[in-house]
Amino acid sequence: MGAGLSGIDAGHHLRKFCPNKTYVILEQRERIGGTWDLFRYPGVRSDSDMLTMGYSFRPWTSLTAISPGDQIRDYITATAREEGIDRNIRFRHQIKRASWSSSDARWTVEALRETAGGQNEPVTLTSNFLFSCAGYYRYSSGYLPEFPNSAQFRGRLVHPQAWPEDLDYSGKRVIIIGSGATAVTLLPAMARTAGHVTMLQRSPTYVISAPEQDRIANGLRRILPAMWAYRLSRWKNVGFMTFFYQFAQRFPKAAKKGLLKKVREQLGADFDVDTHFTPRYRPWEQRMCLVPDGDLFEAIKSERASVVTDQIETFTEKGILLKSGKELEADIIVTATGLVMQALGGIELAVDGQHVDPAQTLAYKSIMLSGVPNLASVFGYINASWTLKADLICNYVCRLLNTMDRKGMRQVTPINRGETAVAPFVQKFTPGYIERALANWPKQGSKAPWRVYQNYIRDTILLKWSSVDDGTLEFSNPPQAASDQPALELAEAAR
Ligand SMILES: Cc1cc2nc3c(=O)[nH]c(=O)nc-3n(C[C@H](O)[C@H](O)[C@H](O)COP(=O)(O)OP(=O)(O)OC[C@H]3O[C@@H](n4cnc5c(N)ncnc54)[C@H](O)[C@@H]3O)c2cc1C
């Protein structure tokens with residue numbers, strides 16, 4: 001499910017490690033790329049480095065390590081084309097429901113296919129395994145809080161998840177509501193041509209500047225074969241990120257002091273860093289915002305942009321009235337207020353006729369759900385590049401499929417024997433959009449394999465090097481399994 005970064009990753013791994021399998025990718029949209037095709041706001045780019053955000057098997061060769069969104073989309077699409085993965089994608093197929101039958105050891109997947117005429121028609125497929133690469137948020141619309149009297153505003157109200165192609169903001173006064181990665185990306189990009197851009201935030205976020213180009217990676221590429229240079233640079237960045245995250249967990253005060261010192265150096269002694277760039281939470285309790293070559297700070301220093309830390313009292317005809325009594329006037333208001341998180345592409349799940357509520361399950365190795373057979377899904381890291389985890393999960397799923405084949409078993413189920421839910425799927429991480437959604441997500445238990453780690457090195461050991469058959473997974477066959485049936489098959493049952 002899904003032809004984004006992870007779905008193409010899955011296609012690569014299946015082709016390489018399970019060449020006897022057939023697979024199809026159902027994608028609700030009409031193009032490859034997921035996030036990197038959907039988001040089209042000015043300046044859209046990665047906020048982690050592409051040396052870890054690229055696939056482990058395909059070097060990222062562009063000179064820019066923090067990359068514009070269209071280059072990431074091209075990279076994913078080129079991977080799909082060159083490996084022939086694109087031939088296995090069925091676009092405009094939105095999966096709605098998946099029902100597992102233990103007596104057939106098979107999923108029945110119900111989808112809606114959008115026809116050329118714009119109608120939706122039901123499609124049913126069966127498969128022996130379902131792999132969700134559907135990302136973590138709702139595609140149809142982003143998160144928009146209820147702002148008092150927003151209908152009064154006479155200008156244009158825009159959400160970054162649905163950026164209007166025709167939006168001309170040159171010379172215009174823009175307010176961006178938000179303080180996350182999207183807001184700090186939009187601000188410098190829009191400030192280039194807008195009259196003035198104001199980032200209106202309720203509370204600040206940690207912002208770190210990093211060079212857009214990784215000089216060590218680019219240097220290595222000049223002297224080493226592309227794949228060697230890529231691997232070395234990837235491990236260098238994994239090492240640095242792991243160290244930085246662990247340091248911030250153990251010494252939050254020192255990490256905070258260091259981060260704020262860097263911001264002060266960029267903005268100068270007169271800037272009120274305490275009000276606008278000093279978060280109330282510890283480093284890494286929310287994702288940090290990375291800005292390439294300090295572009296956000298440069299835009300603020302040039303006075304083409306500013307930051308206001310306040311609260312919205314009400315929208316007015318001209319803009320926004322703040323709780324402090326100040327009014328900000330605008331021609332355009334951008335609500336960079338986030339995403340609506342969604343597990344498993346928002347589909348309904350059932351096992352043997354019983355509805356499955358993911359919130360009542362435990363996440364097994366962060367990939368499968370307790371009691372749900374033959375289902376895996378990708379959820380990347382919150383403190384490192386998504387792809388590091390996606391690669392590990394795709395590799396793990398192939399090992400699992402091959403283990404099933406070796407054992408001659410068609411069904412595999414993580415069995416919870418007495419473990420209780422002790423934590424949400426993501427822990428010690430408090431951005432609004434995560435907190436809003438976690439109640440509906442699977443939970444974590446107290447120990448492995450029911451824990452969700454945010455640690456690439458630990459996960460490499462757990463997912464790549466440890467035995468698949470760990471005693472928690474139950475391998476079985478349906479009572480009347482036909483012995484001559486292939487372990488995995490995919491057949492279209494009806495249209
Ligand atoms: C603006 C933005 C910037 C980001 N920047 C970074 C970054 O710098 N670094 C980082 O590590 N992560 C970043 N992320 C997280 C990002 O989502 C991941 O990097 C990565 O793109 C996730 O890939 P994915 O394929 O798992 O999910 P997605 O990119 O979300 O792709 C999922 C695909 O599944 C399809 N799909 C979903 N539901 C269904 C369904 N029911 N039926 C059929 N198809 C379905 C979607 O249409 C989509 O094509 C960012 C996210 C956003 C929104």
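The lining of the second largest pocket comprises, by class, 22 nonpolar, eight polar and nine charged residues, where Ala, Val, Leu, Ile, Met, Phe, Trp, Tyr, Cys and Pro count as nonpolar, Asp, Glu, Lys and Arg as charged, and the others, Gly among them, as polar. The model is predicted, with pLDDT of at least 70 needed for local features and 80 or more for side-chain atom pairs, while totals for chains, interfaces and linings use all residues. Residues are numbered from 1 along each chain as its sequence is written, and side-chain values use heavy atoms, leaving out hydrogens and water.

The second largest pocket has a volume of about 1000 Å³ (a pocket being an open set of points on a 1 Å grid over the protein atoms alone where a 1.4 Å probe fits, with protein on both sides within 12 Å along at least five of seven lines, and lining residues having an atom within 4 Å of a point; the volume is the space filled by probe spheres set on the points). Of its 39 lining residues, Ile208, Ser209, Ala210, Phe240 and Leu290 are the closest to the centre. Two or more lining residues come from each of β10 (207-210), α6 (215-223), α7 (226-250), α8 (252-267) and β11 (289-292), these being DSSP runs (helices H or I, at least four residues; strands E, at least two). The largest share, nine residues, is given by α8.

Within this set, α6 and α7 pack at an angle of about 160°, their axes 9 Å apart (axes are lines fitted to C-alpha atoms over the stretch in contact, and angles run from 0 to 180 degrees between N-to-C directions). The two helices, α6 and α7, are therefore roughly antiparallel (angles over 145 degrees). Ile216, Ala217, Leu220 and Arg221 in α6 meet Ala229, Leu232, Ser233 and Lys236 in α7 (heavy atoms within 4.5 Å), a contact with five nonpolar, one polar and two charged residues.

How values were computed: Parallel < 35°, antiparallel > 145°, perpendicular 65-115°, else oblique.
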